[in-house]
Amino acid sequence: MGYALDFGWLNDALGMIASGAAMTVFLIVVTSVAGTLLSIFGAIGRRSRHAILRKLVAGYVELIRNTPFLVQLFFIFFGLPRLGIRLDPVAAAILAMTLNMAAYSTEIVGAGLDAVHKGQTEAAKALGLRPRIIFIKIILPQALKVIFPALTSQIVIMMLESAVVSQIAVRELTYEADMLQARTFRAFETYFIVTLVYLGLSIALRRLLYAAGRRSIAGGMA
Amino acid sequence: MIEFTFWDIARNLLLAARWTVLLSIVAFTGGAIVGVAILLARISKRNWLRRGAQYYIGLFQGTPLLMQLFLLFFGLPLLGFRIEAWTAAVLGLTLCASAFLAEIWRGGVQSLPDGQWDAGSSLGLHYFAQLRLVILPQAFAITRAPTVGFLVQLIKSTALTSIIGFEELVRTSNAINNATFEPFTVYGLVALIYFVLCYPLTRYTKKLELRTAQR
């Protein structure tokens with residue numbers, strides 16, 4: 001017996017899909033900003049004079065990079081309440097995503113910092129700038145410029161990985177898809193549409209970041 | 001109620017980890033085989049083949065693996081195939097791996113100077129002989145580090161197959177957690193097992209990267 005694809009449900013479902021997509025976008029925006037900021041501190045810690053700090057950051061990075069995101073998420077959402085830290089699903093998702101993103105981009109930002117020529121620091125010192133100003137105004141913008149493509153890829157990967165947070169009932173795109181298919185019994189069509197939405201989101205996100213990066217970073221800051 | 005000791009939990013998790021390892025190996029092998037085919041299309045002289053491979057890679061790299069698994073799991077039965085979680089998991093991970101591996105190896109092929117192709121043809125080798133004897137061995141050698149790096153990513157990705165119902169490490173840990181109410185221990189151990197699987201490979205990748213950088 002043949003199976004006829006049916007997209008008749010789609011009209012009523014647009015609202016759910018849109019609100020799910022909005023949640024996904026919200027998650028990735030918060031995560032990108034928080035994760036990148038955290039990873040700057042991570043990269044500084046990785047290059048600190050104190051061996052303990054260096055080891056601590058390295059340990060955190062390796063721990064996150066060698067375990068699945070899903071397990072990290074479950075550990076934070078189900079495991080941490082044992083220690084008295086109880087988070088609601090959205091907070092747990094943001095925490096897990098940020099910690100995950102930060103570990104990966106610590107490496108990326110670090111590579112960027114290393115790529116900035118030593119002479120830049122020396123020149124800034126010769127001008128009498130304070131170390132903090134040198135880092136924020138001279139080193140960091142140049143480093144970000146170098147790593148922006150890699151950071152963009154990481155953000156897109158994180159967005160795709162965020163599909164997993166549906167498993168702790170965060171009402172994002174995949175969660176809404178699960179709800180929809182349970183109601184319409186049109187699992188294939190539902191996931192097909194939602195996959196297209198993800199594809200669109202990842203293409204749009206990449207383009208947007210690329211355009212924004214070219215304007216703000218390659219332009220004036222450095 | 002049955003009491004679970006720490007060792008009961010650890011033993012059951014380790015037994016389940018065998019499925020994670022098996023799935024990783026099968027998917028990596030399958031992904032490598034399909035990946036070579038995609039690579040050949042991606043570097044082909046025919047425009048439509050190149051374009052097709054490009055879309056294939058873009059599709060798998062631009063959508064969540066979880067959606068790919070769902071589409072296979074719910075889609076294949078519509079085409080009349082009886083499908084179990086294991087089949088969908090292997091198929092999904094294989095296809096996804098093939099896209100990523102093809103893209104990694106393409107980088108290797110394109111980083112070789114044109115002279116390698118020219119030298120091959122001046123020896124009278126035809127296209128496939130050039131690929132087999134000259135180009136691919138070098139491309140694989142250059143890209144060994146990212147290839148092993150991708151294997152780590154693949155091992156971690158097998159965790160997602162728990163969501164479509166494949167009994168691997170994470171799905172077993174969910175069941176154990178439901179029975180023991182020890183999420184901290186259970187998920188901590190699961191993370192540890194994944195770490196033990198992945199970390200040596202990560203170290204190996206680092207070593208390969210250093211070796212390449214020194215050259």
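Q: What percentage of the 215 residues of chain B count as buried?
A: In this predicted model, chain B has nine helices and zero strands. The C-alpha trace of chain B spans about 75 × 50 × 25 Å along its principal axes. Of its 215 residues, the share that counts as buried is 40%.

Q: Among contacts in chain B between residues at least 6 apart in sequence, what percentage join residues at least 24 apart?
A: Read along the sequence, chain B follows the pattern α-α-α-α-α-α-α-α-α. For contacts in chain B whose residues are at least 6 apart in sequence, the part that joins residues at least 24 apart is 75%.

Q: Which element gives the largest share of the side of chain B that touches chain A?
A: The contact takes 28 residues from chain B and 29 residues from chain A. On the side of chain B, the elements that give two or more residues are α3 (65–75), α7 (144–157), α8 (169–180) and α9 (183–214). The largest share, eleven residues, comes from α9(B).

Q: What distance does helix α7 of chain A reach from its first C-alpha to its last?
A: Helix α7 of chain A covers residues 173–184, which is twelve residues. At 1.5 Å a residue the expected span is 16 Å, and the helix comes close to this with a reach of 16 Å.

Q: Is Ala177(A) buried or exposed?
A: Ala177(A) belongs to α7(A), where Leu173(A), Thr174(A), Tyr175(A) and Glu176(A) are among the buried residues. Asp178(A), Leu180(A) and Gln181(A) are also on that list, and the state of Ala177(A) is likewise buried.

Q: How many other C-beta atoms lie within 10 Å of Ala169(A)?
A: Ala169(A) is found in the loop between α6 (131–161) and α7 of chain A. Although Ala169(A) is not a glycine, it has a positive phi of about 65 degrees. The residue is partly exposed because the number of other C-beta atoms within 10 Å is 14.

Q: Which residues is Val109(A) in contact with, leaving aside its neighbours within four places in sequence?
A: Val109(A) lies in helix α4 (residues 89–115) of chain A and counts as buried, with 27 C-beta neighbours inside 10 Å. Gly20(A) is 89 residues from Val109(A) along the chain, and their C-alpha atoms are separated by 31 Å. Leaving aside neighbours within four places in sequence, the contacts of Val109(A) are Ser39(A), Ile40(A), Ala43(A), Ala143(A) and Ile147(A).

Definitions and conventions:
Residues are numbered from 1 along each chain as its sequence is written. Chains are lettered from A and ligands numbered from 1 in the order in which they are written. This is a predicted model: local features need pLDDT of at least 70, side-chain atom pairs count only at pLDDT 80 or more; totals for chains, interfaces and linings use all residues. Helices (H or I, at least four residues) and strands (E, at least two) are DSSP runs, numbered from the N terminus. The expected span of a helix is 1.5 Å times one less than its number of residues. A residue is buried if 20 or more other C-beta atoms lie within 10 Å of its own, exposed if 12 or fewer, and partly exposed in between; C-beta atoms are placed from the backbone. Two residues are in contact if their C-beta atoms, placed from the backbone, lie within 7 Å.
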